[in-house]
Amino acid sequence: MDQAVAPSSFSYSDADFRRVQEIALAEAGISLPVSKRNLVFSRVSRRIRTTGKASFKAYLDYVCSPEGHTELQELICVLTTNVTQFFREKGHFDHLETNVLPVLAQHLRAGGRCRMWSAACSTGQEPWSMAMSVMAKIPDALRLDIKILATDINHVVVENGRVGRYPEEELKNVPDSWRKQYMQPDVRGEFLMERDIRRLVTFRPLNLNRTWPFQGQFDVIFCRNVVIYFDDETRNALWKRLAERLVPGGFLYVGHSERVECMKECHLESVAPTIYMKKDC
Ligand SMILES: C[S@@+](CC[C@H](N)C(=O)[O-])C[C@H]1O[C@@H](n2cnc3c(N)ncnc32)[C@H](O)[C@@H]1O
């Protein structure tokens, strides 16, 4: 601790904000617009108080030092926006259930494998929605070689996703029959993803803008509502890397306000707004 009692507020200059912008961009690819200046102040102030540092400068110096590596991850966590919901952008799940899972079911039952990736999974509603779609359309999924990887840069939301506990008000987009089948009420009056469906999903922290610690390819990638925080260069580089990880005929789903502009280089074709298929190349 730099001091016994941390101040309740800190002086905050344009230079402090610029440093946070630089760190977010370098570490996570996140571009923080000036409109987020006040939000950044309140979120970073929490971390300054928790670490007992005396000022923005002392805190940011610490975060940038080798000893501050763990705190750097905490800083990135408070700078991320984690808004999500079950079956968000429902058309994607309709497409998955109608056009993709029936074909994958045949492939799986013939002894094939299927890998799906929720690449910025936040608190888990997205991968759990994918898992419910899988269970509903491929009821024998647990006997087949199908898995869903759920990753996010923010280790706190990844842990929440792994726990898989949600209050009732968050379940309004989950059909009642699916809630009864795939979730169980707990003593707190909340709902926990049930034991069997858990076998489908693995949660891991992962920064999309760093090396990925796996080699495999995916049949389905959901990468939604994350590149809106990236600049053009970071966004296009990520689309190329994701496309390389798709099997021919595999699908990439992006957020409704997002687009893949470099489709040709990525060997992707648009099959519906915000849904892309990898071409044979
Ligand atoms: C708005 S949420 C979107 C969640 C979900 N995909 C959806 O559409 O509902 C954006 C998520 O992207 C994550 N994120 C931001 N930068 C990232 C990065 N460089 N690598 C991995 N995840 C990142 C954030 O932590 C956050 O949970």
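Student: Let's start with Arg 188: is that residue buried or exposed?

Tutor: Arg 188 counts as exposed, because its relative accessibility is 57% and the cut-off for exposed is over 50%. Keep in mind that we're looking at a predicted model.

Student: Which residue does Arg 188 form a salt bridge with?

Tutor: First the general idea: side chains of opposite charge can pair when their charged atoms come close. In this structure, the partner of Arg 188 is Glu 190, and the closest N and O atoms are 3.2 Å apart. Glu 190 has a relative accessibility of 19%, so it counts as buried, the cut-off being under 20%.

Student: Where do Arg 162 and Glu 159 lie?

Tutor: Both sit in helix 7, residues 155-163, and they're 3 residues apart, about one turn of the helix. Arg 162 is partly exposed, at 34% relative accessibility. Glu 159 is partly exposed too, with a relative accessible area of 37%.

Student: And which residue does the side chain of Glu 126 meet in a salt bridge?

Tutor: That's Arg 224, at 2.8 Å from N to O. This pair ties together distant parts of the chain: Glu 126 belongs to helix 6, while Arg 224 is in the loop between strand 7 and helix 10, 98 residues apart. Helix 6 itself covers residues 125-137.

Student: Are those two partners buried or exposed?

Tutor: Glu 126 counts as buried, at 4% relative accessibility. Arg 224 is buried as well, with a relative accessible area of 4%.

Student: What does Glu 126 touch, leaving aside its neighbours within four places in sequence?

Tutor: Its contacts are Thr 84, Phe 93, Ser 118, Ala 119, Ala 120, Phe 222 and Arg 224.

Student: Now for the ligand. Which residues around it come nearest?

Tutor: There are 23 residues around the ligand, and the nearest are Thr 84, Arg 88, Ala 120, Asp 152 and Asn 225. Thr 84 and Ala 120 also turned up among the contacts of Glu 126. For the atom-level view, look at the polar atoms. A polar side-chain atom of Asn 225 is 2.8 Å from a ligand oxygen. On the backbone side, a polar atom of Arg 224 lies 2.9 Å from a nitrogen atom of the ligand. A polar backbone atom of Ile 153 is 3.3 Å from a ligand nitrogen.

Student: How many residues does the largest nonpolar core have?

Tutor: It has 47, and Trp 117, Cys 223, Trp 239 and Leu 252 have the most contacts inside it. Several elements each supply at least two residues of this core, including helix 1 (14-28), helix 2 (37-51), strand 7 (218-223) and strand 8 (246-254).

Student: Why does this core lie between domain 1 and domain 2?

Tutor: Because both domain 1 (14-79) and domain 2 (90-278) give residues to it. Another core, of 42 residues, lies apart from this one, and its members include Ala 105, Met 116, Ala 141 and Ala 150.

Student: What does Cys 223 touch, not counting residues up to four places away in sequence?

Tutor: Among its contacts are Ala 119, Leu 208, Leu 238, Trp 239, Leu 252 and Glu 258.

Technical notes: Residues are numbered from 1 along each chain as its sequence is written. This is a predicted model: local features need pLDDT of at least 70, side-chain atom pairs count only at pLDDT 80 or more; totals for chains, interfaces and linings use all residues. Side-chain values use heavy atoms; hydrogens and water are left out. Helices (H or I, at least four residues) and strands (E, at least two) are DSSP runs, numbered from the N terminus. Contact means heavy atoms within 4.5 Å. A nonpolar core is a set of buried Ala, Val, Leu, Ile, Met, Phe, Trp, Tyr and Cys residues joined through side-chain atoms within 4.5 Å. Buried means under 20% relative accessible area, exposed over 50%, partly exposed in between (1.4 Å probe, protein chains only). Domain bounds come from an automatic or database domain assignment. A salt bridge is a side-chain nitrogen of Lys or Arg within 4 Å of a carboxyl oxygen of Asp or Glu. A residue is near a molecule or strand if one of its heavy atoms lies within 4 Å of it. A polar contact is a pair of N or O atoms within 3.5 Å; within protein, one must be able to donate a hydrogen and the other to accept it, and residues adjacent in sequence count only if both atoms are side-chain atoms.
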